[in-house]
Amino acid sequence: MKLFEFQAKNILEAYGVCIPRGKVISQGDDVAKIFQEIGCNRCVIKAQILAGGRGKSGGVQFANSPEEAKIYVAGMLGSRLVTHQTGQRGTEIKYVLIEEALSIKRELYLAITIDRCLQSPVLIVSAEGGMEIEEVAKKTPGKIIKEPIDVFFGIHPFQVRRIASQLSISGTLATKLHALIVNLFDAFMEKDCSLLEINPLAVTVHDELCALDAKMDIDDNALYRHPEFNQFIPCQDISPAEALAREYRLSYIGLEGNIGCLVNGAGLAMATMDIIKLYGGEPANFLDVGGDASPEQVTQAFKIILSDPKVKAVLINIFGGIMKCDVIASGIIQAIHEIGIHIPLVIRLEGTNVEIAKKILEASGLKITSASDMKEAANLVVSKVR
């Protein structure tokens, strides 16, 4: 789950991180009144989308008066912002953040993420904060500082001293940097983040460290521990199919192909997509129902696949271990009876209760093509699409 900037900042503020004064708005809010409430002569108007590159694409504007702020907000809300991360269609702007524009001396970069090679969180810092951090990492990687963080003990003081020295920070500001990193790591761990990024981290003229922007990605597998994030689900810029998949705890990613895939197990799902490609087809999705799915989950998974108008055929590839093949068969029949199917359906079942499942499918009277192995299944579904 990706959080909007204003949502991430609200969380960081609760952890003692300094953020600019501001307020998020949507349609119908009084922009001029909010400008005056913030109490400054200059504000920054920031489009709230779940993608980077806003500054380069007109999604961040500075307003010197309430009237100017109203013009920028009116131009943003309801429009679509196109950045290098959104694709040509862009993303609709439903929220705008109005914040005070701070006077700053320096811009830094600070983030915590997971280093899969080290199998631990890693702190990433750079003196080159701002919009061009990707270029800095690409052209001058030596300017990117990385420090692994112990999950039990957190950041060590000697690591912070080393970072402060490399950033040319000393005295009181170095102490504030230490406190900031400790607070960020607490938020990272307690909220089950996979990414927590502040870019830029501003050093103000008053020697305060302030988060001018914030990105926070939450591990979807940990959302059951965080009912407080349920309020953010309606704000997520996701398709109805993705929302349904999340509701029923299904792993679903929509793709550009025309062969729908319903599989149990991430590895088998990847192999299924690979073999479809091998035989000249294009998978329409990644969909893993998991190893212990119920008939209801299978039914919903089937509905998700058939809701995609690009899908011209469906391949169901199930290996019954914990998941029983007869459960899959019952779920498929239930889904077809509920919503119908007018495209070819190829099924390959193997494993626990496979013979029972085959009898269930045969007795259903549905037009289903059975395959004995993955090669045959892929060949059949690709040929039916053609």
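**From domains to backbone**

An automatic or database domain assignment, from which the bounds come, divides the protein into domain 1 (1-20 + 103-237), domain 2 (21-101) and domain 3 (240-384). The model is predicted, so that local features need pLDDT of at least 70 and side-chain atom pairs count only at pLDDT 80 or more, whereas totals for chains, interfaces and linings use all residues. Residues are numbered from 1 along each chain as its sequence is written, and side-chain values use heavy atoms, with hydrogens and water left out.

Between the C-alpha centres of domain 2 and domain 3 there is a distance of 43 Å, and the C-alpha atoms of the protein fill a box of roughly 75 × 50 × 40 Å, taken along the principal axes. The protein has twelve helices and 19 strands, these being DSSP runs numbered from the N terminus (H or I with at least four residues for helices, E with at least two for strands). Of the 386 residues, 47% are buried, where buried means under 20% relative accessible area, exposed over 50% and partly exposed in between, with a 1.4 Å probe and protein chains only. Among contacts (heavy atoms within 4.5 Å) with a separation of 6 or more, 68% are accounted for by residues 24 or more positions apart.

A helix pair can be described in detail: helix α2 (residues 31-38) and helix α3 (residues 66-76) pack at an angle of about 125 degrees, with their axes 8 Å apart. Axes here are lines fitted to C-alpha atoms, for helices over the stretch in contact, and angles run from 0 to 180 degrees between N-to-C directions. The two helices, α2 and α3, are therefore oblique to each other, given that angles under 35 degrees count as roughly parallel, over 145 as roughly antiparallel, 65 to 115 as roughly perpendicular and the rest as oblique. Val31, Ala32, Phe35 and Gln36 of α2 meet Pro66, Ala69, Lys70 and Val73 of α3 in this contact.

The backbone also has some local features to follow. In strand β11 (residues 193-204), where Pro200 is placed, a cis peptide bond joins Asn199 and Pro200, with omega about 5 degrees. Gln119, a residue other than glycine, has a positive phi near 55 degrees; Gln119 lies in the loop between β8 (104-115) and β9 (120-126), and because its relative accessibility is 71%, Gln119 counts as exposed. Ser168, which is not a glycine, has a positive phi of about 60 degrees and is found in the loop between α5 (157-166) and α6 (171-190); with 65% relative accessibility, Ser168 counts as exposed.
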